[in-house]
Amino acid sequence: MIRIDPLEVSTGKLHGMMLGAIGPRPIAFASTVDKEGSPNLSPFSFFNVFSANPPILIFSPARRVRDNSTKHTLENVIATDEVVINIVNYDIVQQMSLSSTEYPEGVNEFEKAGLTMLPSEKIKSFRVAEAPVQFECKVNEVVSLGDNGGAGNLVICEVLLMHVKEDILDANGKIDQYKIDQVARMGGNWYSRANMGMFEVPKPLSTIGIGIDVLPIHIKNSSVFTGNDLGKLGNIESIPEINKAKDFVNNNSDIKDKIQGANLIEIHKFAQQYLDKDDIQTAWNILAAIQ
């Protein structure tokens, strides 16, 4: 076995090894607002439940390793003492991943990820309407674990109200572990689907994904594309230029023959086949060529 002394390796390497070893980890999809009421949404895999009486959840927004800065979520919970923790299932995993992009302060991640803001009943932070379970919480305490990059901050949350979608319940009114279809975080780009096994979700661009909110209307309002499809389409740096997209299509006769004379729904279904294979570039060229 190799030996890793935390004092002898970089924080980045230690962080990667720890996350590769400790998993799958549940995901706290944390929704907050700042003092002015502007919403923020971000996922955290340092998360779990720690008590039922009182009902306590804890998640940890760590300081960024690269520059030791803090995340908007941490700043918001300190300022407002509240947070909604939404549970992530497979249906929204791509949108959740897109929301983790480090957009500038003031950008609404709900809009970028194409998720619906649902008013809470007891706090100001919004719930994610698409999440199967949502916890409205007050923040009892924030415990700083250090001042250096990579240091965690334990956000100790007391559940004030829990919302559960009826369609994930079994005949006895309990949460059906197959129906809830939860996902969990592993190392690198890997996730685990609780009722299926492992799958991979590429991380958002190291630059800035355009977001679902700026997708063309015919794509954003499509009856074909799922939230995961839109999450993939929104995680590009820019939409292909129409002339380059048309050149791509014209140079690929099988694609050209398939979309020539097809209606919009048929074209969307064809592009979706490439999205299912994670061939985002081809899907985008198909869609951009019909603008």
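Contact, in this presentation, means heavy atoms within 4.5 Å. By that criterion, residues 24 or more positions apart account for 63% of the contacts in the protein chain with a separation of 6 or more.

Colleagues, two remarks on the source. This is a predicted model, in which local features need pLDDT of at least 70, side-chain atom pairs count only at pLDDT 80 or more, and totals for chains, interfaces and linings use all residues. Residues are numbered from 1 along each chain as its sequence is written, and side-chain values use heavy atoms, with hydrogens and water left out.

I turn to the overall form. The C-alpha atoms fill a box of roughly 60 × 50 × 40 Å along the principal axes. Of the 291 residues, 44% are buried, that is, under 20% relative accessible area with a 1.4 Å probe, protein chains only.

Where does K232 lie? Its place is helix 6, residues 227-234; helices here are DSSP runs of H or I, at least four residues, numbered from the N terminus. K232 counts as buried because its relative accessibility is 14%. Its side chain makes a polar contact of 2.9 Å with that of D278, a polar contact being a pair of N or O atoms within 3.5 Å, one able to donate a hydrogen and the other to accept it.

Terms used: Buried means under 20% relative accessible area, exposed over 50%, partly exposed in between (1.4 Å probe, protein chains only). Helices (H or I, at least four residues) and strands (E, at least two) are DSSP runs, numbered from the N terminus.
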